[in-house]
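Welcome! Please take a look at the sequence and the model below, and then let us walk through a few parts of it together.

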Amino acid sequence: PPVEPLPPGAELGKDFEFTLRLLKENGDPLVNAEDAKKPYGKQIAVKVQRPDEYVATPSGQTDVAEKITGVEVIFDPNKKPVFVGTATVTLDFPPQPGTVNAIVRQGQYRRTLFAEPGVKAANVKLSGAIENAGADLKMNVGIDGIERAFIFKPDPAVSGSRKQLIPVTTPAVRVFPASEFAVKTETQPVPGFPVRVEADNDSAGATLELWIRPVGSKDMSEAEVIRLGGSRNNRVWIDTAGPGDAGVLVSSRSKDWVKVLDLQPLRGIHEVVGVMNYKDKNGADRTAISEPLLLTVDASGPEAIAFGPFPKKHIKGKPLIVSAGAIDPETEVVKAIFFIGTLTEEGKIPPEAVKVNGAKSLTEPGVWTAEMPLAPEKRGEVIISVQFFNKVGLTRSDKTVIVLEDAPPPSGNIAGVVMIGERPQADLTVILRNADGKDVGQTKTDTKGKFKFEKLPPGVYATLSAKKDSAYGTAGAALAQVEVDKTTKVTVTLVKQVK
């Protein structure tokens, strides 16, 4: 979001005190009439009040009808502490298990609370409706920008559809990335990683700390402790001109802490824990500790890149199925891009390169596959590269070489067997003869009498074989019609020869 402009004037110190003095036109201080050495003035202290110090705790109820939970919150400015002035009050349903599948419907989620001194003011009602809310629904009521001035939930001890709201008063702390609500994230070792720290039901004088330590560590000597200060980031400004250059304007803001962490010296998994130190109702020291925010700090890209089974030669123009695998011991590999060529000097895929996004294998962990298109005019050596990306955006690549060659001429095969009667004939010579009567091939039968001629141009062929014996021997031939991309089966039957 855009940076919110600061109020006018100078920011005050942590004590929120300033001295107001009157000056003459020449800049000299106006002095006290009774004591000429004492400048006329007044010391002023500014206190940023907690909402419960100037607004009475509101009341409310929920009413469930089918899937809709209606919520009403009522502010009575006449209850003690009696409210005087103007305040903005809000109703909100924060992220929680009770709103995972819920939808916030119509209602009035922001109103203005107004009361004049000595005049009885009207109540102000906030209303909302939420669909598919869980039974453990919680809601925040905010005042003047403090989102969780009051936290409510329906009374679990009451049965039925209508329940009174009861305050949630347990002190609590939460830490999560400033841009999203999460308890685990992966990042590079960046110098600026903002986290948000929320404190609920803190007491006056409560303080917040952040502990950063290796995950699972209980040794405080390994933890870096960052002291934030109070439970909220309270800031006050003063502008001596004031509205219309006729007074003094004091402005204040009270927000949840956002702390920018330097993750450059960290590697591996660390946890960020929010710690609130406060006093309970009896004045005893207490501590509330948040669920850890797990940060995986990864400074290296994927590793152990290996291409899958890869042909050394491939017919040009035909798509090529490619596969490659990689691992990352710290963060997940989330993307693979296959492309033709190599990376630029800046480590980028050339914009003109043919590239295809890989698909994650469902059966082989860490393996990605793609169908790479190949231009029909491209031949010879071609570099096929892959670039892997991990979850924090770091990359690593590798390459291999394939030779693209012309497709072989159309051809077919002959598969046959040489027999005498019902007996296959092993270790016999088989001659292949084309339609012109020329011998174009020769092979021998195996132990089962089988033979094969491969990659033959289409046409008619004769297969011939013979076997000597004590007489004139046996011989036989068989014709075969060879068709493209097919295997023609033949049987050469040897019969006795006579003179």
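In strand E10, Met 139, Val 141 and Ile 143 point one way while Asn 140 and Gly 142 point the other way, and all are buried. Here buried means under 20% relative accessible area, exposed means over 50%, and partly exposed lies in between, with a 1.4 Å probe and protein chains only. Because five of the five residues of E10 (residues 139-143) are buried, the strand is largely enclosed by the rest of the structure. Strands (E, at least two residues) and helices (H or I, at least four residues) are DSSP runs, numbered from the N terminus.

This is a predicted model, in which local features need pLDDT of at least 70 and side-chain atom pairs count only at pLDDT 80 or more, while totals for chains, interfaces and linings use all residues. Residues are numbered from 1 along each chain as its sequence is written, and side-chain values use heavy atoms, with hydrogens and water left out.

**The sheet around E10**

Which strands sit beside one another in this part of the model? An open sheet of nine strands has the order E7-E9-E5-E4-E12-E11-E10-E6-E8, with antiparallel pairing. Two strands pair if DSSP finds at least two bridges between them. Strand E7 (103-104) and strand E8 (110-115) stand at the edges with a single partner strand each, so one side of each has no neighbour in the sheet.

| Strands | Bridges | Facing residues |
|---|---|---|
| E6 and E8 | six bridges | Thr 86 and Phe 114 |
| E6 and E10 | four bridges | Thr 90 and Gly 142 |
| E10 and E11 | four bridges | Asn 140 and Ile 151 |
| E11 and E12 | three bridges | Phe 152 and Pro 167 |
| E4 and E12 | three bridges | Asp 63 and Arg 162 |

E10 and E11 also form a hairpin with two residues between the strands, where Asp 144 takes a positive phi near 50 degrees.

**The largest pocket**

Strand E11 (residues 146-154) leads us on to another feature. Rolling a probe the size of a water molecule over the atoms shows where empty space is left. The largest pocket has a volume of about 1200 Å³. Of the 44 residues that line it, Arg 50, Asp 202, Ser 203, Ala 204 and Ser 231 are the closest to its centre. Helix H1 (51-54), E11, strand E15 (193-200), strand E18 (233-239) and strand E21 (268-279) are the elements that give two or more residues to this lining. E11 gives the most, with five residues.

By class, the lining has 17 nonpolar, 12 polar and 15 charged residues. Ala, Val, Leu, Ile, Met, Phe, Trp, Tyr, Cys and Pro count as nonpolar, Asp, Glu, Lys and Arg as charged, and the others, Gly among them, as polar.

A pocket is found on a 1 Å grid over the protein atoms alone, as an open set of points where a 1.4 Å probe fits, with protein on both sides within 12 Å along at least five of seven lines; lining residues have an atom within 4 Å of a point. Grid points are joined across faces, edges and corners, and the volume is the space filled by probe spheres set on them.

**A look at Arg 433**

Arg 433 lies in strand E35 (residues 429-433). The side chain of Arg 433 makes a polar contact with the side chain of Asp 439 (2.7 Å). A polar contact is a pair of N or O atoms within 3.5 Å; within protein, one must be able to donate a hydrogen and the other to accept it, and residues adjacent in sequence count only if both atoms are side-chain atoms.
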